[in-house]
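Please look over the sequence and the model shown here. The text after it walks through the fold.

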Amino acid sequence: MSAASDWTPPVGSWASSAGNRRSMLGNRGRDTSPERALRSLVHASGLRYRVAARPEPGVRRTADLVFRPTKVAVFVDGCFWHRCPDHFTAPKTNAQFWEEKISRNVVRDRDTDARLQSAGWLVLRFWEHQTPEECAAVVRAEVLRRRKDLAARRTAGAAKRDQRSETSG
Ligand SMILES: [Zn+2]
């Protein structure tokens with residue numbers, strides 16, 4: 001072990017808070033393990049999706065799983081970053097900074113939901129503390145339900161077009 005790795009920065013120093021930030025940042029991002037577990041279960045059930053993609057080109061937000069034809073956007077929210085009612089605890093250090101930061105995240109989440117919903121998307125949000133199995137079951141059920149609706153609408157549309165060409169012809 002090198003001497004550098006044994007060195008502990010003084011409490012409250014830049015290095016110490018940078019270390020804290022790094023470990024907190026490590027809790028978010030696209031490859032957190034609850035999300036990976038959900039992805040592999042959904043994949044194993046035969047559904048295909050895009051990972052960490054923008055559902056709607058005009059909306060600058062990224063969903064964890066995106067089912068494009070059925071318009072289902074899935075988010076796995078970290079309990080800390082998105083203020084889970086069961087597990088969020090406010091950090092005692094820099095309390096105001098974190099309060100503002102997390103509040104902004106939550107406001108942004110609701111704004112994302114509204115923007116995607118108004119563009120016809122179904123937004124599914126899960127907490128990282130939920131079991132991947134329960135999340136995967138919901139995702140699968142919703143995607144299949146919307147796929148069925150889509151097929152029904154297409155059939156109805158085709159029937160209408162047939163009728164029109166009969167009357168015009
Ligand atoms: Zn939680």
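What follows goes from confidence to sheet, then to the core and a few single residues.

This is a predicted model: local features need pLDDT of at least 70, side-chain atom pairs count only at pLDDT 80 or more, and totals for chains, interfaces and linings use all residues. Residues are numbered from 1 along each chain as its sequence is written. Here pLDDT is the predictor's confidence in each residue, from 0 to 100. The protein has a mean pLDDT of 84, and 79% of its residues reach 70 or more. Residues 1–27 have pLDDT below 50. Beyond near neighbours in sequence, that stretch has ten contacts in the model. Two residues are in contact if their C-beta atoms, placed from the backbone, lie within 7 Å.

Next, the inventory. The protein has five helices and four strands. Both kinds of element are DSSP runs, numbered from the N terminus: helices are H or I with at least four residues, strands are E with at least two. From the N terminus on, the order is α-α-α-β-β-β-α-β-α. Take the contacts between residues at least 6 apart in sequence: 60% of them join residues at least 24 apart.

Now the sheet. The four strands make an open sheet in the order β1-β2-β3-β4, with mixed pairing. The edge strands, each pairing on one side only, are β1 and β4. From one strand to the next, the twist averages 30°. For such angles, axes are lines fitted to C-alpha atoms, for helices over the stretch in contact, and angles run from 0 to 180 degrees between N-to-C directions. Strands count as paired if DSSP finds at least two bridges between them. Strands of a sheet pair through backbone hydrogen bonds, either parallel or antiparallel.

Go through the pairs in turn. β1 and β2 run antiparallel, joined by three bridges. Ala 53 has Ala 63 in β2 as its bridge partner. β2 and β3 are also antiparallel, over three bridges. Between these two, Val 66 has Ala 73 in β3 as its bridge partner. β2 and β3 form a hairpin with four residues between them. In the turn, Lys 71 has a positive phi of about 55°.

The β3 and β4 pair is parallel, over six bridges, with β4 spanning residues 122–127. Asp 77 stands opposite Trp 127 in β4. How does the chain get from β3 to β4, and with what handedness? The path runs through helix α4 (residues 95–118), and this β-α-β crossover is right-handed. The term applies if, with the strands pointing away from the viewer, the path from the first strand over the helix to the second runs clockwise.

Turn to the interior. A residue is buried if 20 or more other C-beta atoms lie within 10 Å of its own, exposed if 12 or fewer, and partly exposed in between; C-beta atoms are placed from the backbone. Of the 169 residues, 17% count as buried. β2 is mostly covered, with four of its five residues buried.

A nonpolar core is a set of buried Ala, Val, Leu, Ile, Met, Phe, Trp, Tyr and Cys residues joined through C-beta atoms within 7 Å. The largest one has 18 residues. Val 42, Leu 65, Ala 73, Val 74 and Val 139 have the most contacts inside it. Two or more residues each come from α3 (33–44), β2 (63–67), β3 (72–77) and α5 (132–168). β3 gives the most to this core, with five residues. Val 42 touches Leu 47, Tyr 49, Leu 65, Ala 136, Val 139 and Arg 140, not counting residues up to four places away in sequence.

Finally, some single positions. Arg 48 sits in the loop between α3 and β1 (50–53).

Ala 52 lies in strand β1. Phi of Ala 52 is near 50°, a positive value in a residue other than glycine. Ala 52 has 13 C-beta neighbours inside 10 Å, so it counts as partly exposed.

The loop between β3 and α4 holds Asn 94. Phi of Asn 94 is near 55°, again positive in a residue other than glycine. His 87 is in the loop between β3 and α4 as well. His 87 counts as exposed because it has 12 C-beta neighbours inside 10 Å. Leaving aside neighbours within four places in sequence, His 87 is in contact with Cys 79 and His 129. The C-alpha atoms of His 87 and His 129 are separated by 8.6 Å, at 42 residues apart along the chain.
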